[in-house]
Amino acid sequence: MERSILDYLRDNAERDSGATAISAGAPAGWESVTWAELHDAASAVAGRARALPAGDGPVVLVVDNSIACATVLLGLAIASVDLLLVESASSYLTDERSAIAQAAPSAVVGPAEFATTASARFTFVSFDELMAGPLFDAPPQRDSMIHQLTSGSTGEQRIVRHGLNNVVRGGLIYRDVHGLTEADTLFVTVPLAHSFGLIGGLAAALVSGARLLTLTRFNLRVLLAGVHDGATVLLSTPLGYELIAAVSRPEGPENRLRLALSSGGPLSLSVAAKASEWLGVRVHQIYGSTETGLVACAHDRQQPWPDGSVGTFAPGVEWHIAQDDSADGTGRLFVRTSTMFDGYLDAAPTGDGVYDTGDLVRVDEQGHVFVMARKNTFINVGGRKVNPRRLERVIGEQAGVVEIFVYGAESDGGEQEIHAAVVLAGSTGVPELLGFCRSRLMAYEVPHRVHVVAELPRTALGKVHLNRLIDEVSASERTESKGRQDMTKPMGDYVAVVGLGYVGLPLALLLARSGQRVVGVDLDPQVRAALAAGNPRFVEPGVAELLNSVPAERFTVTDRLPDLAPQAAIICVGTAVDPATSEPDLGHLRSAAEHVAEHMSAETLVVVRSTVPVGTCRNTVLPMLRAAVEAPMLAMCPERIIQGQAVREIESLPQIIGAVDERSRERAAQLLKPVAADQVLVSALETAEMVKLVCNAHTDLIYGFGNEVALMSTALGIDANEVIASANLRYPRPDLSRPGFVGGSCLIKDPYLLMHAAEAAGYRPSMVAAARSVNERVPQHVIDLVLKALAATGRAPSDAKVLVCGIAYKGRPVTDDVRGAASVEIAAALRDQVGVLGGHDFVVASDRIAGLGYQPMNLADGLTDADALILLVDHPGYTELTAELVGSRMRKPAIVFDMWGLLDGELSGVPDLDYLRLGRG
């Protein structure tokens, strides 16, 4: 008699009640459950199963790989509830004509956040309700049915029926073939709704007593952490191994991995080789289907497996090949397995129990299986099975679609892509069609490329003639291109963000969170490695959280654009001014525009977000794009965010949008609408460029006048801070700005970009120039004040210890950006004059502080025996610098310069302390 799930749970709990059964990983961390806890919780769920609504259809289980999900799955299976497993990243629940809807489910069980999605059409019960509701006696035992979505042989996706004993039997096969024991840790990076995850992962762990690791959301950082945190067996997809192979291998001890298995699509030899080198074990591809279970697999053995082989047939597999005319014995594979399905939900199995895989297979004399071609019923996108017939139905609901045919095609990189050939009516174009797709489909289901045709070629029986269609599309593109890349360049389903710094990365992540697939491009390998590990190289509130919550398939990072042209390319690279001449340096912008031009198509929208002199988009960027595309779409959409509030301000500030034409302006507005709903559409590229520059020049001017008041007050022996505070008090005119350092990468250069453009047009903006001149005098003024105060104490600078606090350019909002910071100029001036120059910042890393010429110090050590303290920013952490702390540690008389007056109330007037402020005469 075959043993049940409950038997295995009980055995594992009794063997070692404290042993970990499942650990579920997420960006926020890992949670775990022991075998004893899992046994009790699953048994309790089984006892609550009677609370589910009665019905003829199965219960849909939304599978998110969490511990709660696994517990409910096991509990409902114990209670003999028929289950239909659907992964959480699926659009099927909202599709009223999908196979799930046709199954007439009696209820949907899933995470609480799916209540809104599911309850509109089905009775919804959350995991929490099933795990905490009243207990009933468990219903009589019978073998429940596990239903899974498969590609189907024709038409819409179908639902496969498996008895629960098939799932257990499949787990036993994995256990025996790969020698799994309770000493193993199985790391499953695929959804448990898939056969590979359910049987190779959950069932195999259950029958072997091994620990199971899962990912509740695919995240490369968490995946790598799991590999290096005890995993001995890894189950992943070709995409997972490709991502692993693309990151740098970390230093440290070797992992414990002894076996790596790949399923979900063909694993290229190059990816397998790179991933195997990274992991330290060879990656084996397995072969099977939802209908049959495991058909063939490779396992550990002394003799190496031949390249391209998926191993030998699994135990219990009967097979034969209906050979074609090929000389090497290739033919169509028919199998009968010990885990054969019980039929489709809408039909019983036919024939003698032998399943026609539809795949072309070759078996050599040693019994090695080679899959030469898979059945063409679905498109494999990064390991996910996409049904083209379902896409045709969903996309065909767009009003402008007359006819559509969806098919898979191989990209230059060997991955499958979704192509859609469409006949469109009226004014409907590709952008409108793709927008509709994104609103109705998951990101991975959106076609990578859309071909607009006059009609679909058909056979005499009325079916679409695929070979003729491909030939006609190719010929049409060659004819229309006339040697230009704009018509021949295939289109992808992604948006590119070029430059992943303070401006580009937050925007890229917000777009990805909104559902857009984003490819981030950055030339810096350290930036790419840090992002792959889930750790941005700069501090910006909310960015790390976004990075680790966005699904991996929606945000990828590379050093160059993919071969497929992007839907849009947003240029976010930095622009600078020459420190000697103050002339604009647009080298990074030109390089980025050139790279985009090489990879764009006629339908690619190019957006410049970098800050540039007026006229740059039209005179520099546009000609580069026109060299590739006859009528490129170009928009200028400047950022106006401040560090420390980037995520919030992208979404809340009005987004300025200027463009070369109306089509580009509309596309840009549509692109940014999900993350920047408040939009200001302006008439021209130049207007948008000017808006950004005058905003920052105006800010520089306002601060410049405050600093002018401070410098005048110092000369006149007046306290500028009192003057400004009194002038602003209950006075209805615009406030005067308090004096202080004006820094940051934008304010120190944007006025020069504006002056350059204006002077090129014959006008010199004297106010802009004067404000910049005043603000640039402030750091040297501070240095002079401190050195003068030191001289007054009789101490030589070369014998003095000076502590500079606040290395970033500002303290509020918090940032670690040192570009244009006062600390840079002060370090350059003092590091060769004073005996010890210490540096402290609550956010900036020690290595960056040292790189500027400071000795990194904590506050206590930095204050000890210091002669002078220079406080450059108003970070709230510095309020801990009390009179007692400063007075007890610094040499007397102590010198404190406080740029923003943060400690005025605490230190002003303290004996043996010379408290200095900007503008205090």
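This note walks through selected strands, sheets, helices and residues of a predicted model.

1. **The six-stranded sheet.** Begin with the open sheet of six strands. Its order is β6-β5-β3-β4-β7-β8, and the pairing is mixed. The edges are β6 (124–126) and β8 (158–163). Each has a single partner strand, so one side of each lacks a neighbour in the sheet. From one strand to the next, the twist averages 30°.

2. Look at strand β3 (residues 59–63) and strand β4 (residues 83–87). They pair in the parallel sense, over five bridges.

3. **Ile 173 in α7.** Helix α7 covers residues 164–178, and Ile 173 lies in it. Is Ile 173 buried or exposed? Its relative accessible area is 12%, and Ile 173 is buried. The cut-off for buried is under 20%. Leaving out residues up to four places away in sequence, Ile 173 touches Leu 294, Pro 315, Ser 338 and Thr 339. Take Thr 339 from that list. Ile 173 and Thr 339 are 166 residues apart along the chain, yet their C-alpha atoms are separated by 9.6 Å.

4. **Strand β10 and its two partners.** Strand β10 (residues 211–215) is mostly covered, with four of its five residues buried. Strand β1 (residues 20–26) runs parallel to β10, joined by four bridges. Here Gly 25 stands opposite Leu 215. Strand β9 (residues 185–188) also runs parallel to β10, again with four bridges. In this pair, Phe 187 has Leu 213 as its bridge partner. Now follow the chain from β9 to β10. It passes through helix α8 (residues 195–208), and this β-α-β crossover is right-handed.

5. **Thr 185 in β9.** Thr 185 is found in strand β9. It counts as buried, at 6% relative accessibility. Which residues does Thr 185 contact, leaving aside its neighbours within four places in sequence? They are Arg 211, Leu 213, Gly 230, Ala 231, Thr 232 and Val 233.

6. **Two helices in contact.** Helix α1 (residues 5–15) packs against helix α3 (residues 67–78). The angle is about 125°, and the axes are 9 Å apart. The two helices are therefore oblique to each other. On the α1 side, the contact is made by Ile 5, Leu 6 and Leu 9. On the α3 side, it is made by Leu 74, Ala 77 and Ile 78. By class, that gives six nonpolar residues, no polar ones and no charged ones.

7. **The three-stranded sheet.** This open sheet has the order β23-β24-β25, with mixed pairing. Its edge strands are β23 (401–410) and β25 (449–452), each pairing on one side only. Neighbouring strands are turned by 25° against each other on average, direction ignored. Strands β23 and β24 (residues 416–424) run antiparallel and are joined by nine bridges.

8. **Helices on the three-stranded sheet.** Helix α12 (residues 388–395) packs on this sheet and touches β23 and β24. Its direction makes about 150° with that of β23. Helix α13 (residues 430–440) packs on the sheet too, touching β23, β24 and β25. The direction of α13 makes about 135° with that of β25.

9. Why is strand β36 (residues 801–805) described as largely enclosed by the rest of the structure? Because five of its five residues are buried. In a regular strand, side chains alternate between the two faces of the sheet. In β36, Lys 801, Leu 803 and Cys 805 are on one side, Val 802 and Val 804 on the other, and all are buried.

10. **The partners of β36.** Strand β37 (residues 836–840) pairs with β36 in the parallel sense over five bridges. Lys 801 stands opposite Val 836 in β37. Between β36 and β37 the chain crosses through helix α27 (residues 822–830), a right-handed β-α-β crossover. Strand β39 (residues 868–871) also runs parallel to β36, with four bridges. There, Val 804 stands opposite Ile 870.

Notes: Residues are numbered from 1 along each chain as its sequence is written. This is a predicted model: local features need pLDDT of at least 70, side-chain atom pairs count only at pLDDT 80 or more; totals for chains, interfaces and linings use all residues. Side-chain values use heavy atoms; hydrogens and water are left out. Buried means under 20% relative accessible area, exposed over 50%, partly exposed in between (1.4 Å probe, protein chains only). Two strands pair if DSSP finds at least two bridges between them. A crossover is right-handed if, with the strands pointing away from the viewer, the path from the first strand over the helix to the second runs clockwise. Axes are lines fitted to C-alpha atoms, for helices over the stretch in contact, and angles run from 0 to 180 degrees between N-to-C directions. Contact means heavy atoms within 4.5 Å. Angles under 35 degrees count as roughly parallel, over 145 as roughly antiparallel, 65 to 115 as roughly perpendicular and the rest as oblique. Ala, Val, Leu, Ile, Met, Phe, Trp, Tyr, Cys and Pro count as nonpolar, Asp, Glu, Lys and Arg as charged, and the others, Gly among them, as polar.
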